[in-house]
Amino acid sequence: LPTTAEDPPPPPKAVPKRLIGLDVVRGLTMAVMLIVDMCGDAYPSINHSPWNGVHLADYVMPFFLFISGVSMAISVRVRPGVTRMKLFLGVLPRIVKLFMVGIIVQGGWIEQGPPSQLNLDLTSIRFMGILQRIAMAFLVVITIELCVPDFQTRQTTVPTLAQKLGLDIIRDTALKWTVATTFLALGVTLTYAVTPPSSWPGCQ
C-alpha cells in the first residue's frame, strides 16, 4: 500500500552484529597462510614440517578449524519454528560448496603457469585437501550437534556444585563428548598404530 505523510517511517533493518575478535583471528590466519604460501619455499623453517615437529604453516588449518567451530556455535541454533533436519539441509549446501572449491583450487586441476591451465586428470586429483578436510570436519560436527541428544538437567532451587563451576554443560552434552572422543581416538589410532603399504604414494 502507498504510504502517506502521516504514516511513520518503516523501522530500519537490523544489521547483524559481527564478532570482531573472530574476524581479527580470521584475518591473521589468512595473512599467515599467504606468508607461508609465498615464502615457504624460500624459508623452510616456516613451511610445513615433513612429519615430526611443528612449523608456522602447520598452525593455519587448526586455526581455520577453530574459527569454523566458533562460528558454528554462534550461528547453528535450533530456533523456534525450525526443525533440526531443516537446519541441517540449510547448512549442507555450504559444506558441498566448500568441498568443491577445495577440489578446484587445491585438487591439482589448475596448473600454475605461465600460462595457467586446467588439468582434469582424475588419476592425480587431490580429493582431500585443506578445504575438503574442513568441510568434512564441519559435516561431522554439525551431525553430532544436531543428531546426538543432550541430557535434560533437572531444575533445582539451590545450584549444585557442578552448576556453580559451569561443569553442568559437560554433563548435559556427555553423549556428544563421547562421540567426539571416539573420533579423536580413531584418528590417533589410524595415524600412529596403522602402517600403510609402502606402495601407497608418500608412504615409502
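Visitor: At what angle do H2 and H4 pack, and how far apart are their axes?

Guide: A packing angle is taken between N-to-C directions and runs from 0 to 180 degrees, the axes being lines fitted to C-alpha atoms, for helices over the stretch in contact. In this predicted model, where residues are numbered from 1 along each chain as its sequence is written, local features need pLDDT of at least 70 and side-chain atom pairs count only at pLDDT 80 or more, while totals for chains, interfaces and linings use all residues. Side-chain values use heavy atoms, with hydrogens and water left out. Here H2 and H4 pack at an angle of about 35°, with axes 11 Å apart.

Visitor: In which hand does H2 pass H4, and which residues make the contact?

Guide: A crossing is left-handed if the near helix is turned anticlockwise from the far one by less than a right angle, and right-handed if clockwise; H2 passes H4 in a right-handed crossing. Contact means heavy atoms within 4.5 Å, and on this basis H2 contributes Met 61, Phe 64, Leu 65, Ser 68 and Met 72, while H4 contributes Ile 130, Arg 133, Ile 134, Ala 137, Phe 138, Val 141 and Ile 142. Sorted by class (nonpolar: Ala, Val, Leu, Ile, Met, Phe, Trp, Tyr, Cys and Pro; charged: Asp, Glu, Lys and Arg; polar: the others, Gly among them), the contact of H2 with H4 divides into ten nonpolar, one polar and one charged residues.

Visitor: How do H1 and H2 pack?

Guide: Helix H1 (residues 20-39) packs with helix H2 (residues 60-75) at about 155°, and their axes are 10 Å apart. That angle makes H1 roughly antiparallel to H2, in a scheme where angles under 35 degrees count as roughly parallel, over 145 as roughly antiparallel, 65 to 115 as roughly perpendicular and the rest as oblique. The crossing of H1 and H2 is left-handed. On the H1 side, Leu 22, Val 25, Arg 26, Thr 29, Met 30, Val 32, Met 33 and Val 36 meet Val 60, Phe 63, Phe 64, Ile 67, Val 70 and Ser 71 of H2; by class, this contact has eleven nonpolar, two polar and one charged residues.

Visitor: How do the axes of H3 and H4 come together?

Guide: The axes of H3 and H4 come within 7 Å and cross at roughly 170°, and the two helices are therefore roughly antiparallel to each other. Their crossing is left-handed. Residues of both helices make the contact, including Leu 87, Phe 88, Val 91 and Ile 95 of H3 and Phe 138, Leu 139, Ile 142 and Leu 146 of H4. By class, the contact of H3 with H4 has 18 nonpolar, four polar and two charged residues.

Visitor: Which residues have the most contacts inside the largest nonpolar core?

Guide: A nonpolar core is a set of buried Ala, Val, Leu, Ile, Met, Phe, Trp, Tyr and Cys residues joined through side-chain atoms within 4.5 Å, where buried means under 20% relative accessible area, exposed over 50% and partly exposed in between, with a 1.4 Å probe and protein chains only. The largest such core has 13 residues, and those with the most contacts inside it are Met 72, Val 76, Val 91, Ile 95, Phe 138, Ile 142 and Leu 146. The elements giving two or more residues to this core are helix H3 (84-106) and helix H4 (130-147), and the largest share, six residues, comes from H3. Apart from this core lies another, of eight residues, among them Val 36, Ala 57, Val 60 and Ile 134.

Visitor: Is Lys 176 buried or exposed, and what does it touch?

Guide: Lys 176, in helix H7 (residues 174-192), is buried, with a relative accessible area of 10%. Not counting residues up to four places away in sequence, Lys 176 touches Ile 144, Glu 145, Val 148 and Asp 150. Ile 169, in helix H6 (residues 168-172), is instead exposed, with a relative accessible area of 54%.

Visitor: How many helices and strands has the chain?

Guide: Helices (H or I, at least four residues) and strands (E, at least two) are DSSP runs, numbered from the N terminus; the chain has seven helices and two strands, running α-α-α-β-β-α-α-α-α from the N terminus on. Of its 204 residues, 16% count as buried.
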